[in-house]
Amino acid sequence: MSLRERSPGGAVEAGEDAVAALAEPDGPNRCLSLLPWDRFSAWLHCVCVVGFDLELGQAVEVIYPPHSKLSDKEKTNICYLSFPDSNSGCLGDTQFCFRFRRSPGRKVSLCCFLDQLDRDLPVYLKKDPAYYYGYVYFRQVRDKSLKRGYFQKSLVLISKLPYVHLFRTMLKQIAPEYFEKSEAFLEAVCSDVDRWPPPIPGKILHLPIMGIIMKLRIPTYRDKPGTTPIVQNIHQADAQISVALPTVHEVDLFRCFCPVFFHIQMLWELVLLGEPLVVMAPSPSESSETVLALVSCISPLKYCSDFRPYFTIHDSEFKEYTTRTQAPPSVILGVTNPFFAKTLQHWPHIIRIGDIKLPGDVPKQVKVKKLKNLKTLDSKPGVYTSYKPYLNKDEEIVKQLQKGVQQKRPTEAQSVILRRYFLELTESFIIPLERYVASLMPLQKCISPWKSPPQLRQFSQDDFMKTLEKAGPQLTSGLKGDWIGLYRHFLKSPNFDGWFRSRQKEMTQKLEALHLEALCNENLVFWSQKHTEVETVDLVLKLKNKLLQADREQLPVKTDTLKKLQTHINDIILALPDDLQDILLKTGTT
């Protein structure tokens, strides 16, 4: 076997080849043994049909593809989360989404290749391996031929991807036809998905589904926050495109916040700080959209706690999240069952919304209500909390949105204004933290190829607070208030912990990558000639480990650097005696 074939970097190349094979089924990489349904698995875990059985209640009738694995606990969660609560009275067609915990221990055949794609996503779109999303299209219509008098069924897409707008659009296209044609149609839908290219961030993707083509672009971490490259049908060649999606993941922000938009700044603070929040709504559609809007309002920061767009009393975490023996957890719940008005009345922050309708005139000022006034789910819409915001209220954004309502500005335009407002607020808050954390990085001159990479300096809350006087949020935001108090509270929150761990990992990987480059720039063969065989063997083993680490941790290293390091290893080994060469060529490090 040649040295090239033994290269630990081969795993990286295999991963890239597999993604290329997924992207081009008839391309030069077609010889790679992709399993059936690998393309499907890049987008969806499975498709479920949930119906109502008079004896069993809600039951999973179909799982497709048939080999898809779901634990009993996952099936139970899907059953109850796929139907609105009986009090919701959802007649006709209803769309919503839910999120639930995955059962541990399941492996994915394409795991490493999908991780490679995940790396290029913005942090708030990265998959959470512990959760699945369920995207639901529920139909309830009168049917006298059935004992219950109603036809009730849900078509549910189960996915690890948080692409709510994409899957909502897809369901709108396929679900009505499925309810007419049934199983064979579902099989054809899944076969179409199994021909899709992989979800590569930054590329314009064309996804055929039952005679139409969805055209879209998944954002990348390189995109400027707040900008969405428009996907349009410009060229004549695009004449067959039926649906061009402006976004894969965003919800209609203004429509969701409209019932409580006098409190948007306070809600932003509550989400930023990871405070326990419950949204009480009349239907799963309103609850799920409002929860997703709340989670997205601190973008480009990732909301690091749990959130459940639709939560029921049957959920496997019901006891964990409603217990009174400890403080409410850092989680956002969307509920519709009146029972929660009692069960969660000890929660500190409750948002009660009515039917989401865009007002034809200016909404009236709504005061923050006291929690003791929230007795039932029939209580008036509003925000029930005793929380006092740290920042002074920004009257300008309220006036701007009110003016938009008066002028009948399209809801899409109102959402753009609101999204930009949240983005600027979040960036003003996070920039001082980014600046301080960047200062914890050791200088490049401190990196020596012959020593371990230097450590990051420790985060000091006191040192960070001192930087705020001259380089605080006042540089980019005109908002007054207790910014210092807001930072102190944030530094104790799960969102800070998640953000800092992510930045710490990025910077540590950057140090490892710089250390690799420093090694590559050394004359390692000359070094080995000046040292003993034992020291040289030790160096070779360490360099091999470095290559494996670069692959395993996906370090930000150029391919040329890895190839250069592999060449160094090969040259050092070839300069050793034959018996040592043979041993080192066979040695694999883990």
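Modeller: A residue is called buried when its relative accessible area is under 20%, and exposed when that area is over 50%. The model before you is predicted, and every value below is computed from it.

Let us take the cysteines. A disulfide requires two cysteine sulfur atoms within 2.5 Å, and by this rule the count comes to zero. Cys79 takes part in none, for the nearest cysteine sulfur, belonging to Cys48, is 8.5 Å away. With a relative accessibility of 9%, which is under 20%, Cys79 counts as buried. Cys190 is likewise in no disulfide, and the nearest cysteine sulfur, that of Cys46, lies 9.0 Å away. Its relative accessible area is 0%, so Cys190 is also buried.

The surroundings of Phe257 can be given by name: leaving out residues up to four places away in sequence, Phe257 touches Ile264, Leu267, Ala293, Leu294, Cys297, Leu418 and Phe422.

Within H16, the residues Trp483, Gly485, Leu486, Tyr487 and Phe490 are buried. These buried residues pack against helix H9 (264-272), H14, H15 and helix H17 (494-520). At 59% relative accessibility, a value over 50%, Lys480 counts as exposed. Lys480 and Asp394 are 86 residues apart in sequence, with their C-alpha atoms 9.0 Å apart in space.

Three strands form an open sheet in the order S6-S7-S8, with mixed pairing. Strand S6 (204-209) and strand S8 (243-244) are the edge strands, each pairing on one side only. Strand S7, residues 212-217, pairs with S8 in the parallel sense over two bridges. Met214 stands opposite Val243 in S8. Across S6, S7 and S8 lies helix H6, residues 164-181, which runs at about 175° to S7.

Most residues other than glycine have a negative phi, and most peptide bonds are trans. Against that background, Trp37 has a positive phi of about 75° although it is not a glycine. Trp37 lies in the loop between helix H2 (10-23) and helix H3 (38-43), and with a relative accessible area of 17% it is buried. Lys408, also not a glycine, has a positive phi of about 55°. The place of Lys408 is the loop between helix H13 (395-406) and H14. At 65% relative accessibility, Lys408 counts as exposed. Thus Trp37 is buried, whereas Lys408 is exposed.

Two peptide bonds are cis. One joins Tyr64 and Pro65, with omega about -5°, and Pro65 lies in the loop between strand S2 (57-64) and helix H4 (72-81). The other runs from Ser299 to Pro300, with omega near 15°. Pro300 is found in the loop between helix H10 (284-296) and strand S10 (306-308).

Asn337 is placed between strand S11 (331-335) and helix H12 (339-343). A polar atom of the side chain of Asn337 lies 2.9 Å from the backbone nitrogen of Phe339. At 14% relative accessibility, Asn337 counts as buried.

Notes: Residues numbered from 1 in each chain as written. Predicted model: local features only at pLDDT ≥ 70, side-chain atom pairs only at ≥ 80, totals over all residues. Heavy atoms only, no water. Contact = heavy atoms within 4.5 Å. Helix = DSSP H or I, 4+ residues; strand = E, 2+ residues; numbered from the N terminus. Buried < 20%, exposed > 50% of the residue type's maximum accessible area, 1.4 Å probe, protein only. Polar contact = N/O pair within 3.5 Å; in protein donor to acceptor, adjacent residues only side chain to side chain. Pairing = 2+ DSSP bridges. Axes fitted to C-alpha atoms, helices over the stretch in contact; angles between N-to-C directions.
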